[in-house]
Amino acid sequence: MENTKLTKKLQVLLTETEVSQINRVILNDALENEARPISVSAFIRGLIQHELSNRTLEQKSYIKQNLKNLKPK
């Protein structure tokens, strides 16, 4: 991860089931990797970064395709 100062907070409301599922995923990942579990905040941050990265790639591809389809005037 970039060495960027984290300054903004987001709040999300989850059900007890969703929180349990997140904790289970985090613990399973830690056991598989023989590492300490990461925080829920770090896990959610990773999900957001992954989603933003995917969307950025999709958007670049979409823009590139549309530019190819433009006809010169």
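**The pocket and beyond**

Reply: The lining of the largest pocket splits into 9 nonpolar, 3 polar and 3 charged residues (nonpolar means Ala, Val, Leu, Ile, Met, Phe, Trp, Tyr, Cys and Pro; charged means Asp, Glu, Lys and Arg; the others, Gly among them, are polar). This is a predicted model, where local features need pLDDT of at least 70, side-chain atom pairs count only at pLDDT 80 or more, and totals for chains, interfaces and linings use all residues. Residues are numbered from 1 along each chain as its sequence is written, and side-chain values use heavy atoms, with hydrogens and water left out.

Me: Which residues lie nearest the centre of the largest pocket?

Reply: L10, S41, I44, R45 and I48, out of 15 lining residues. A pocket here is an open set of points on a 1 Å grid over the protein atoms alone, where a 1.4 Å probe fits, with protein on both sides within 12 Å along at least five of seven lines; lining residues have an atom within 4 Å of a point.

Me: And what gives the most to that lining?

Reply: Helix α2, with 7 residues. Helices are DSSP runs (H or I, at least four residues), numbered from the N terminus.

Me: New topic. How many salt bridges are there?

Reply: The count comes to 1, using a side-chain nitrogen of Lys or Arg within 4 Å of a carboxyl oxygen of Asp or Glu. E51 pairs with R55, and their closest N and O atoms are 2.8 Å apart.

Me: Where do E51 and R55 lie?

Reply: Both are in helix α2, 4 residues apart, which is about one turn of the helix.

Me: What about L57, buried or exposed?

Reply: L57 counts as exposed because its relative accessible area is 55%. L57 is in helix α2 as well. From L57 to N33 is 24 residues in sequence and 28 Å in space, C-alpha to C-alpha.

Me: Last one: where is E34?

Reply: E34 is in the loop between α1 (16-33) and α2 (40-69). Its phi is near 50°, a positive value in a residue other than glycine. Most residues other than glycine have a negative phi. E34 is also exposed, since its relative accessibility is 76%.

How values were computed. Helix = DSSP H or I, 4+ residues; strand = E, 2+ residues; numbered from the N terminus. Buried < 20%, exposed > 50% of the residue type's maximum accessible area, 1.4 Å probe, protein only.
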